[in-house]
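Welcome! Have a look at the protein below, and then let us walk through some of its details together.

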Amino acid sequence: MGNYRRMESALIRGGAFEDGQTRSVNVPIYQTSTYAQTELEGKPKWEYSRTGNPTRAALEALIAELEGGSAGFAFGSGMAAIAAVLNLFRSGDRILISGNVYGGTYRILEQVFAPFGLKCDIVDTADPEAVEAAMARDVVAILIESPANPLLTVTDLAMVAGIARAHGVLTVVDNTFMTPYLQRPLELGADIVVHSATKYLGGHSDLVAGLAVVKDAHLAERLGFIQNATGAVPGPFDCFLLIRGIKTLAVRMDRHVENAEAVARWLSAHPAVERVYYPGLPGAQGFEVNRRQAKSGGAMISFTLRPQHSFRTFFRTLKLITLAESLGGVESLVCHPATMTHASIPRELRLRMGISDNLIRLSVGIEHVDDLIEDLEQAIEASREG
């Protein structure tokens, strides 16, 4: 770490890369596929950009520092990062996953890795007794989202990591919703952290990338081999954009959270709203746990409207908030998990997870909060049937 002690400075100064020739303030975009070598078998630092690129290396050093890990790895998407982590395991191994997770995570486990013999069980990770009971001999890892997507379920990361450690099991945490600015899972006992960097870390809906950070040097060596062997790495320009996005993470997240807290309070008081899922609200599931392990409740909210309101009309009549996949950009986005982000999960299983057909997920942006509330108000009013 440099001459600073606080996250806000680390976001801007962390993972510093110095261009010795030009002393560029910003990390240059090394837009090259290969590098000239001076001799045979000389083991140069740079040889081929799938294996390593200076722009990517700067990004990887930055995310490792921000998460407090021994090494960071950049990938072409968040799913590529998760796939690389899953490639650490073998046929016959079993992975435990949180009760509600991103649909793409469930899909890759069930439709890509399951045919190769990697097994998966869904567990309520918010219940330590359920986690303990699920620790069969073939379990090798537990993959947690906290808060989880889309019901914002909070898991006590330190407690689950402790259970996993006692059984010799790895703890993997998807920290996409919180970012290292709000939550640092490695400090709570996790072994691996993954991000869809497309979301808050990039922050501007203009790139697709994934990141992984590991605590252990041996894990770093294994994951580094997988990253190079499978080759799902981002290009240098996306790495440059991601470094630039991370520099403003603190100021963006402060505004995201400020807006989300106001919107969540407003929704919870609205007579047309049946239920609000937001861990920053007192009385919400996991509120006290989240307050211990994270800086705030984040900026994701899910909610349902009462039966006399049509969620389809609600989506159709929004004027400012955009109906779209993804989250974490400066603009507010809304989605319908049942037909969008979690459509790959069979309906019966979705319902058992608590993902109802009328669930609405809102990624609160950094617009003026009164404009957001006014848009929600008119769309809810328009959605009233009869």
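## Ground rules

A residue is called buried when its relative accessible area is under 20%, exposed when that area is over 50%, and partly exposed in between, using a 1.4 Å probe and protein chains only. This is a predicted model, in which local features need pLDDT of at least 70 and side-chain atom pairs count only at pLDDT 80 or more, while totals for chains, interfaces and linings use all residues. Residues are numbered from 1 along each chain as its sequence is written, and side-chain values use heavy atoms, with hydrogens and water left out.

How many disulfides does the structure hold? The number is 0, where a disulfide means a pair of cysteine sulfur atoms within 2.5 Å.

## Helix α4 and its neighbours

Helices here are DSSP runs of H or I with at least four residues, strands are runs of E with at least two, and both are numbered from the N terminus. Helix α4 spans residues 103–113, and its buried residues are G103, G104, T105, Y106, I108, L109 and F113. Which elements do they pack against? They meet α3 (78–86), β2 (94–98), β3 (119–123), β4 (139–145) and α13 (347–353), with contact meaning heavy atoms within 4.5 Å.

The axes of α3 and α4 lie 11 Å apart, at an angle of about 45°. Such axes are lines fitted to C-alpha atoms, for helices over the stretch in contact, and the angles run from 0 to 180 degrees between N-to-C directions. The two helices α3 and α4 are therefore oblique to each other; under 35 degrees would count as roughly parallel, over 145 as roughly antiparallel, and 65 to 115 as roughly perpendicular, with the rest called oblique. On the α3 side, M79, I82, A83 and L86 make the contact, and on the α4 side G104, T105, I108, L109 and F113 do. By class, this contact of α3 with α4 has 7 nonpolar, 2 polar and no charged residues. Here Ala, Val, Leu, Ile, Met, Phe, Trp, Tyr, Cys and Pro count as nonpolar, Asp, Glu, Lys and Arg as charged, and the others, Gly among them, as polar.

Most residues other than glycine have a negative phi, and most peptide bonds are trans. A cis peptide bond joins S146 and P147, with omega about -5°, and another cis bond links N149 and P150, with omega about 15°. P147 sits in the loop between β4 and α6 (157–166), and P150 is found in the loop between β4 and α6 too.

T179, in helix α7 (residues 179–182), has a positive phi near 65°. Is T179 buried or exposed? T179 is buried, with a relative accessible area of 1%. S326 also has a positive phi, near 80°, but this residue is partly exposed at 27%.

P54 belongs to helix α2 (residues 54–67) and counts as buried at 5% relative accessibility. Leaving aside residues up to four places away in sequence, P54 touches F17, Y30, Y35 and W46.

S356 lies in the loop between α13 and β12 (359–363) and is partly exposed, at 22%.
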